[in-house]
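Hi there,

Here is the model I promised to pass on to you. Have a look at it first, and my notes on what turned up follow below.

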Amino acid sequence: MQFNSFIFILCFLPLSLIGYFELNNLGKKKLAQAFLLIMSLWFYGYFNVSYLLIICGSITANYLLSKAMVSDGRSDSTKKAILNIGIVFNVALIFYFKYYDFFISNVNAAFKTDFVLRHITLPLGISFFTFQQISFIVDSYKGETKDYSFMEYALFVAYFPQLVAGPIVLHSELIPQFRDKGKKSLDFDNLSKGIMLFSRGLAKKVLIADTFGTAVTWGFNNAQVFTGDEALSIYEIVIVMLSYTFQIYFDFSGYSDMATGLGSMFNFHIPMNFNSPYKALSVADFWKRWHMTLTRFLTQYIYIPLGGNRKGAARTYINIMIVFLVSGIWHGANWTFILWGVIHGLGQCINRMARGINQKILEAAGRMGTFFVAAIKCIQWAVTFAFVNVAWLLFRADSVGQWLSILKRFSVPYYEIRTELLDCFRIPKLRYLFELLGAGNPDSVVLYFSLYSVLGMAFVLCLCFKNNYERQYRKNALSLLFTLGILLISVLSLSRISTFLYFNF
């Protein structure tokens with residue numbers, strides 16, 4: 001089920017809220033928890049019931065393994081053996097469903113074999129709930145999860161707002177909230193804040209991300225079709241590249257806002273996962289802001305156990321590269337994702353090497369005045385943003401070869417922008433305004449005006465506004481009208497259901 005669908009907004013969500021809080025009001029606390037779990041499983045299995053076998057089997061196996069580790073009398077060696085079994089089980093599960101065909105196809109290509117591909121359907125959210133459960137069994141090994149019931153654990157994994165696209169939540173952040181008696185009754189402050197967040201997230205997805213998505217689809221489809229002199233021009237590549245940069249930003253930011261808003265409606269706080277990443281002044285800063293809970297998981301459960309930065313500079317850089325290689329592999333079964341992870345790892349290493357130089361440059365600029373400090377920061381932002389854009393182009397490409405062929409087009413002095421691409425940004429009814437103003441070619445003016453307006457608006461929203469986690473939500477008439485307005489416009493725009501991009505990872 002999708003957040004941006006009629007059945008979710010008009011049926012599933014109202015039923016979930018009413019059922020959960022009514023059962024709590026009747027004193028049926030355990031039944032309310034079970035109801036929320038059942039609704040979450042319905043949400044997950046809506047498109048494919050067979051998914052339920054996978055997630056329920058994974059939940060049961062991981063819970064039994066965690067309980068086996070915390071049983072009294074277990075020796076350290078036995079607990080470590082159980083932990084290793086748990087990690088292997090989870091990695092094997094995600095490998096089979098996500099990477100089996102990729103692995104076999106590469107074996108066939110390398111050794112001229114003909115092993116049969118299974119064309120396995122990727123279960124929604126398996127990357128997220130598997131990492132979440134790995135963090136749980138590691139914490140069980142540390143003795144931090146002794147008294148959780150199966151119901152609490154299952155709801156922790158399956159809770160629908162964060163189930164299929166994050167954030168990757170820790171047990172200590174969510175299960176204690178399930179037990180908090182103060183969160184069992186409907187709180188109108190939390191409900192109103194949740195509706196505000198959900199509405200803004202829905203608008204980001206439906207009104208902004210999907211608009212850019214149309215241009216991205218056109219660009220990458222035509223990157224395959226057009227060759228030679230008809231290939232994408234420099235301007236078209238820049239437009240398509242920026243479009244994907246903004247599409248994935250508003251898509252993921254919108255989902256994060258909606259997940260947080262849904263959590264708030266149920267009185268649960270879901271951790272921040274997105275903090276204005278395009279304001280970043282370095283690659284390291286970007287990863288502190290983008291998919292923050294994934295960065296936290298990779299840091300706590302891979303980077304630190306590998307030794308972090310405690311074993312010398314060379315080992316630190318190796319550990320960084322391992323972490324980003326894992327990040328790339330986690331995102332998808334394609335060499336594009338692996339290379340994307342490697343590129344970001346190299347960017348992180350270079351950023352770490354240059355920290356001292358950057359600091360000296362900023363100190364020197366500071367002695368010259370605030371203008372020079374601002375200029376240096378602008379340069380840092382521009383370099384970081386350009387790096388992220390080129391890397392996103394690889395992330396979206398169908399193959400490494402396609403990415404390289406697109407980049408090569410930057411050296412070809414061809415600047416045309418096709419009308420089909422411009423039409424992806426058309427603002428309806430604007431043509432009549434330019435006709436009244438006496439524009440010579442109103443349709444052409446509308447297309448270019450729409451393009452620059454939409455791109456400019458995206459830059460302004462990313463760089464000049466606080467993100468929705470930082471905003472103070474005032475419960476007044478203006479906020480009510482704005483929320484109702486964007487919610488109504490977004491719902492009326494649900495002519496087609498578009499999948500959130502991170503559902504594919």
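Is tryptophan 392 buried or exposed? With a relative accessibility of 1%, tryptophan 392 counts as buried, where buried means under 20% relative accessible area, exposed over 50% and partly exposed in between, using a 1.4 Å probe and protein chains only.

Some ground rules before the rest. This is a predicted model, in which local features need pLDDT of at least 70 and side-chain atom pairs count only at pLDDT 80 or more, while totals for chains, interfaces and linings use all residues. Residues are numbered from 1 along each chain as its sequence is written, and side-chain values use heavy atoms, with hydrogens and water left out.

**Aromatic pairs and charges over rings**

Rings of Phe, Tyr and Trp (its six-membered ring) pair if their centres lie within 6.5 Å; planes under 30 degrees apart count as stacked, over 60 as edge-to-face and the rest as tilted. By this rule there are 68 aromatic pairs. In one of them, tyrosine 44 and tyrosine 51 have ring centres 5.8 Å apart and planes at 50°, so the pair is tilted.

Tryptophan 392 has phenylalanine 286 as an edge-to-face partner, at 6.4 Å centre to centre with 70° between the planes. This pair links distant parts of the chain: phenylalanine 286 belongs to helix 10 (residues 283–289) and tryptophan 392 to helix 15 (residues 370–396), 106 residues apart. The helices here are DSSP runs (H or I, at least four residues), numbered from the N terminus. Phenylalanine 286 is buried too, at 0% relative accessibility.

I also looked for charges over rings, meaning NZ of Lys or CZ of Arg within 6 Å of the ring centre and within 35 degrees of the ring normal. The charged end of lysine 98 sits over the ring of tryptophan 330, 5.5 Å from its centre. Likewise, the charged end of arginine 396 sits over the ring of phenylalanine 220, at 4.6 Å from the ring centre.

**The nonpolar core**

A nonpolar core is a set of buried Ala, Val, Leu, Ile, Met, Phe, Trp, Tyr and Cys residues joined through side-chain atoms within 4.5 Å. The largest one has 136 residues, and Phe8 and Tyr278 touch the most other members. Helix 9 (residues 234–265) gives the largest share of this core, 16 residues. Taking contact as heavy atoms within 4.5 Å, and not counting residues up to four places away in sequence, tyrosine 278 touches residues including Phe286, Trp381, Phe385 and Trp392.

The expected span of a helix is 1.5 Å times one less than its number of residues. For the 17 residues of helix 2 (residues 29–45) that gives 24 Å, and the end C-alpha atoms are 24 Å apart, which agrees. Buried residues of helix 2 include Leu36, Leu37, Ser40 and Tyr44, and among the elements that cover its buried residues are helix 1 (6–25), helix 3 (50–70) and helix 5 (126–141).

Helix 4 (residues 76–111) is another story: a straight helix of 36 residues would span 52 Å, but helix 4 spans only 43 Å between its end C-alpha atoms. Helix 4 bends by about 70° at tyrosine 99, the bend being the angle between axes fitted to the seven residues ending there and the seven starting there. After helix 4 comes lysine 112, with a positive phi near 55°.

**Loops and backbone**

Most residues other than glycine have a negative phi, and most peptide bonds are trans. The bond from glycine 166 to proline 167 is cis, with omega near 5°, and proline 167 lies in the loop between helix 6 and helix 7. Glutamine 162 is in that loop as well; this glutamine is buried at 1% relative accessible area, and its contacts beyond four places in sequence include Pro167 and Tyr255. Leucine 163, found between helix 6 (150–158) and helix 7 (171–179), is buried at 1% and touches Ser40, Tyr44 and Tyr255, among others.

Serine 276 has a positive phi near 45° and is buried at 2% relative accessibility. Histidine 291, also not a glycine, has a positive phi of about 45° and is buried at 0%.

Enjoy exploring it!

Note on methods
Helix = DSSP H or I, 4+ residues; strand = E, 2+ residues; numbered from the N terminus.
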